[in-house]
Amino acid sequence: MACLHAMSLLILVLAVVSSAAERENMTASSGGLFWSTAQEEADLLRKEDPAILDDRDDIDGGFSSLDGMLQWAIGHSDPTKLKETAQDVQRISSGELKKRQMELKELMEKLKTPSDAQLMQIAIDDLNNASSSLEDRQRALQELLILVEPIDNANDLNKLGGLVVVIRELDHPESDLRKLSAWVIGKASQNNPLVQKQVLELGALTKLMMMVKSEFVEEAIKALYAVSAVVRNNLYGQELFYAEAGDLIIQDILSNSTEDIRLRRKAVFLVGDLAECQLEAAAEEELPFFRNRKFLKSVVDLMSSSDLDLQEKALVAVKNLLLLRSTEAQVFKEFCGLDMALESMRQRLDHLREEEFQKDYAADVEVLRRDVELTFRKKLGMEMQQVPT
């Protein structure tokens with residue numbers, strides 16, 4: 001409706017322009033109005049340009065500028081009615097006309113699409129407003145969740161004061177707000193070293209680690225997702241993770257069969273990710289918990305899970321852990337029972353290959369299982385060679 005109102009006002013303004021053109025076409029001999037149709041009608045009745053949007057798009061408000069709306073108005077106006085409107089306009093006072101022009105300008109401003117930065121600022125302001133309702137705060141966080149997807153927007157979050165506000169929401173008594181805040185932090189930190197650094201400097205990791213132990217499952221899942229995003233490929237973040245007893249928290253999740261399966265998947269994925277990061281930073285000292293036998297066993301045990309996704313993620317994590325300098329193949333064999341776990345998995349995969357809809361998956365995982373077995377045997381052989389005779 002606002003767009004159609006703008007159209008009518010635009011036609012009125014257009015009529016004023018046409019009226020001025022009429023007056024210039026007045027002849028001294030007639031002393032009256034003369035409507036010059038030779039050019040005006042040809043322009044007004046011009047053929048439709050294929051590049052111009054169709055009527056339905058225009059009615060929906062598909063105008064990129066006032067120029068676009070003006071072109072639409074010209075192309076869709078009846079020359080005779082436009083002439084009549086121009087004559088009527090001459091009877092409108094200048095004050096009334098100015099008022100109509102201001103209305104048109106205001107409507108055009110409302111029709112403009114705000115930028116991402118403007119939308120982010122609106123959401124941040126809502127979170128900063130102490131009188132905002134719970135629903136308003138949820139909506140603001142949901143909007144930020146979408147807006148921080150592009151890396152440039154994520155970088156702007158802190159500049160606009162948004163990161164501090166979102167981190168503050170981690171302390172909100174409502175679990176839904178804490179969950180959404182952790183999700184926003186995770187999205188903004190994903191593969192973004194700048195945001196990771198800002199989150200760590202603002203002390204958010206400690207809050208997120210506490211939330212991972214929440215009794216509210218969805219909150220714990222989103223918090224662990226955020227933790228993974230913040231420490232990914234970030235050695236300083238991983239040191240803080242260890243300082244916050246992150247290894248013990250993860251170990252508890254992995255070894256507790258009653259934990260939500262989604263949380264356990266995220267936990268074992270984080271282990272594999274941390275180990276991979278250590279492999280890439282070969283010159284750095286490896287985190288101590290990778291040598292913890294109970295921790296390693298909690299990962300190996302997941303290879304026997306009935307959840308296919310969980311056991312595959314555990315297999316990937318074990319492979320990365322085997323490749324670390326600080327881990328010992330003998331510990332994997334004697335304490336963790338990796339050789340038996342690998343054989344048991346082989347047998348399960350053999351059964352899966354007999355199922356029509358699982359055979360391709362089973363074949364792919366078997367390739368990975370053999371790779372892990374080869375890495376394990378190789379590391380075990382190297383250790384055996386180093387034992388003094």
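Let's start with two helices: the axes of H7 (residues 116–128) and H9 (residues 151–159) come within 11 Å and cross at roughly 45 degrees. That angle makes H7 oblique to H9, since angles under 35 degrees count as roughly parallel, over 145 as roughly antiparallel, 65 to 115 as roughly perpendicular and the rest as oblique. Axes here are lines fitted to C-alpha atoms over the stretch in contact, with angles from 0 to 180 degrees between N-to-C directions. Asp116, Met120 and Ile124 of H7 meet Asn153, Asp156 and Leu157 of H9, where contact means heavy atoms within 4.5 Å.

This is a predicted model, in which local features need pLDDT of at least 70 and side-chain atom pairs count only at pLDDT 80 or more, while totals for chains use all residues. Residues are numbered from 1 along each chain, and side-chain values use heavy atoms, without hydrogens and water.

Now for another pair. H16 (residues 246–255) and H18 (residues 293–301) pack at about 35 degrees, with axes 9 Å apart. On the H16 side you'll find Asp247, Ile250, Gln251, Leu254 and Ser255, and on the H18 side Lys294, Phe295, Ser298 and Val299.

Let's zoom out. The chain has 22 helices and zero strands; both are DSSP runs, helices (H or I) of at least four residues and strands (E) of at least two, numbered from the N terminus. Of its 389 residues, 42% count as buried, meaning under 20% relative accessible area with a 1.4 Å probe, protein chains only. And among contacts between residues at least 6 apart in sequence, 72% join residues at least 24 apart.

Terms used. Buried means under 20% relative accessible area, exposed over 50%, partly exposed in between (1.4 Å probe, protein chains only).
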